[in-house]
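This briefing gathers notes on the structure shown below, grouped by topic for reading alongside the coordinates.

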Amino acid sequence: MHIVVIGGGVLGTAHALEAIRRGHSVTQLEREPESRGATVRNFGLVWVSGSTGGELAPALRSRQLWADLAKDVPGIGFRAAGSITLLRTEAELAVAREAAQRPDAAERGFTLVDPEQARALNPALRGEFLGGLHCANDAAVESRIALPAIRKHLHASGRYTFLGGAEARAIHSHSGGVSIRDEHGGRHDGDLVIFCPGAALGGLAREVAGDLPLRRVRLQMMQTAPLGEQLTTAIADGDSLRYYPGFAGPALDELRAAQPQSPVAAEHKMQLLCVQRLHGGLTIGDTHEYDEPFNFDVDEAPYQHLAGTMEELLGRVLPPITRRWAGVYSQCLDPDELVHRSEVAPGVWVIAGPGGRGMTLGPVLGEQTADLLGL
Ligand SMILES: Cc1cc2nc3c(=O)[nH]c(=O)nc-3n(C[C@H](O)[C@H](O)[C@H](O)COP(=O)(O)OP(=O)(O)OC[C@H]3O[C@@H](n4cnc5c(N)ncnc54)[C@H](O)[C@@H]3O)c2cc1C
């Protein structure tokens with residue numbers, strides 16, 4: 001088949017990858033010269049630790065797919081570095097202990113560690129904390145360079161074309177397949193179209209799919225100059241336990257009741273996540289803003305909170321912050337779905353809304369769609 005993929009983020013690219021793997025040919029359209037959506041603004045964390053129940057197997061499968069892809073495409077920068085969620089109060093420790101004692105703890109790769117063991121795993125952690133939840137299964141990729149690296153690999157198949165700076169403006173489904181018209185008047189015919197618009201839910205997405213059952217979420221992020229030493233694992237703070245279904249339970253209920261978040265963290269619905277980039281700088285975030293219209297400028301208070309927390313955990317002064325940015329992802333409203341997938345016209349599939357786990361799940365979502373469509 002010839003498949004037209006619209007959207008150059010991780011979802012579009014993962015779908016293109018899977019279609020090429022299965023012997024099809026692909027034209028991929030991205031409205032910007034290079035992807036500029038959520039994918040290039042994220043941490044690049046392949047975050048297994050927050051998943052439980054029906055989410056865990058897909059998260060683990062996706063991690064495996066990232067690891068396998070790294071053998072063919074080392075440029076994605078995959079590292080099986082794991083993570084440590086650092087616990088600074090007894091209530092946070094109790095949530096981690098509960099998670100580490102659940103039947104799926106081994107599958108999730110959890111071990112509860114004391115401060116000395118945490119430092120043995122990650123010697124840069126010289127600050128104050130009571131313990132850590134080590135997740136051996138968490139991993140990272142380099143979001144800003146991964147997509148071009150994957151595309152280069154796809155080009156080598158001879159069955160792949162990427163068109164940057166080509167916004168899809170119309171999709172027409174007919175008896176012979178689908179036709180897409182781009183902003184330059186170019187026409188792209190195929191047997192199927194897979195439209196992964198990310199958080200661009202207006203325009204063509206609304207025209208072909210109406211109001212999708214998705215909400216948009218805006219996050220603030222930052223990056224530092226090189227740390228000058230290795231941060232061997234990703235790190236998270238205790239606030240992160242509040243955001244992932246994988247930590248829900250009596251201990252989390254108690255944490256919420258007994259330990260309100262700091263006013264800045266509560267106002268901006270924050271957690272701390274941090275991963276070291278290959279160039280040595282730290283990517284640190286994040287906040288969550290749900291009410292639109294979103295602020296167009298970044299707010300300073302969350303940055304000060306994140307920098308202060310990082311310095312307490314590392315026990316040292318952070319290198320200068322060199323970049324700040326915001327990103328928006330779309331999130332499925334149905335908590336039981338990993339992503340929204342619908343066939344809005346014959347041969348026209350819209351796939352969007354993996355929320356804050358789209359980088360983690362991208363490869364498995366591409367695989368699931370290919371199975372569903374019998375590619
Ligand atoms: C700050 C931040 C941090 C995050 N951290 C993580 C993380 O560490 N781990 C994790 O698993 N997930 C993370 N996420 C979530 C993850 O980044 C997203 O779920 C994922 O990137 C979504 O991918 P996507 O391809 O659907 O969307 P996007 O990456 O937004 O890509 C959509 C693309 O479609 C293009 N497009 C839209 N309409 C058209 C059109 N008509 N024609 C042509 N092109 C079009 C857009 O220009 C865009 O490039 C984070 C998200 C943010 C914002």
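Lys 269 sits in the loop between helix 10 (263-267) and strand 15 (273-276), in what is a predicted model. Its phi is near 50°, a positive value in a residue other than glycine, and at 36% relative accessibility Lys 269 counts as partly exposed.

**Backbone features**

- The loop between strand 16 (282-285) and helix 11 holds Asp 286, and the peptide bond that leads from Gly 285 into Asp 286 is cis, with omega near 5°.
- Pro 293 also belongs to the loop between strand 16 and helix 11, and the bond joining Glu 292 to Pro 293 is a cis peptide bond with omega at about 5°.
- A positive phi, near 95°, is found at Gly 23, which follows helix 1.

**Nonpolar cores**

- The largest nonpolar core comprises 41 residues, and those with the most contacts inside it are Ile 3, Val 26, Trp 66, Ile 76 and Phe 78.
- Two or more residues each are given to this core by strand 1 (2-6), helix 1 (10-21), helix 3 (56-72), helix 7 (143-155), strand 8 (160-164), strand 12 (192-195), strand 19 (348-352) and helix 12 (358-372).
- With neighbours within four places in sequence left aside, Ile 3 is in contact with Ala 19, His 24, Ser 25, Val 26, Thr 27, Leu 192, Ile 194 and Leu 375.

**Helix 1**

- Helix 1 is mostly covered, since 11 of its 12 residues are buried; the buried residues are Val 10, Leu 11, Gly 12, Thr 13, Ala 14, His 15, Ala 16, Leu 17, Glu 18, Ala 19 and Ile 20.

- Buried residues in helix 3 are Leu 56, Pro 58, Ala 59, Ser 62, Arg 63, Leu 65, Trp 66, Ala 67, Leu 69 and Ala 70, and what covers them includes helix 1, strand 3 (45-46), helix 5 (105-108), strand 7 (139-140), helix 7 and helix 12.
- The axes of helix 3 and helix 12 come within 7 Å and cross at roughly 95°; the two helices are therefore roughly perpendicular to each other.
- From helix 3, the residues Pro 58, Ala 59, Arg 61, Ser 62, Leu 65 and Trp 66 meet Met 359, Thr 360, Leu 361, Gly 362, Pro 363, Val 364, Glu 367 and Gln 368 of helix 12.
- Sorted by class, this contact of helix 3 with helix 12 has 8 nonpolar, 4 polar and 2 charged residues.

**Helix 7**

- Helix 7, with 13 residues, reaches 19 Å from its first C-alpha to its last, which is close to the 18 Å expected at 1.5 Å a residue.
- The buried residues of helix 7 are Ser 143, Ala 146, Leu 147, Ala 149, Ile 150, Arg 151 and Leu 154, and they pack against helix 1, strand 2 (25-30), helix 2 (38-41), helix 3, strand 8 and helix 12.

**Two individual residues**

- Pro 302, found in helix 11 (residues 300-314), is buried with a relative accessible area of 1%.
- Not counting residues up to four places away in sequence, Pro 302 touches Gln 220, Val 264, His 268, Met 270 and Thr 287; Gln 220 is 82 residues from Pro 302 in sequence but lies 8.1 Å from it in space, C-alpha to C-alpha.
- Val 328, in strand 17 (residues 321-332), counts as partly exposed at 24% relative accessibility.
- Apart from neighbours within four places in sequence, Val 328 is in contact with Ala 38, Ala 199, Arg 216, Val 217, Arg 218 and Phe 294.

How values were computed:
Residues are numbered from 1 along each chain as its sequence is written. This is a predicted model: local features need pLDDT of at least 70, side-chain atom pairs count only at pLDDT 80 or more; totals for chains, interfaces and linings use all residues. Side-chain values use heavy atoms; hydrogens and water are left out. A nonpolar core is a set of buried Ala, Val, Leu, Ile, Met, Phe, Trp, Tyr and Cys residues joined through side-chain atoms within 4.5 Å. Buried means under 20% relative accessible area, exposed over 50%, partly exposed in between (1.4 Å probe, protein chains only). Helices (H or I, at least four residues) and strands (E, at least two) are DSSP runs, numbered from the N terminus. Contact means heavy atoms within 4.5 Å. Axes are lines fitted to C-alpha atoms, for helices over the stretch in contact, and angles run from 0 to 180 degrees between N-to-C directions. Angles under 35 degrees count as roughly parallel, over 145 as roughly antiparallel, 65 to 115 as roughly perpendicular and the rest as oblique. Ala, Val, Leu, Ile, Met, Phe, Trp, Tyr, Cys and Pro count as nonpolar, Asp, Glu, Lys and Arg as charged, and the others, Gly among them, as polar. The expected span of a helix is 1.5 Å times one less than its number of residues.
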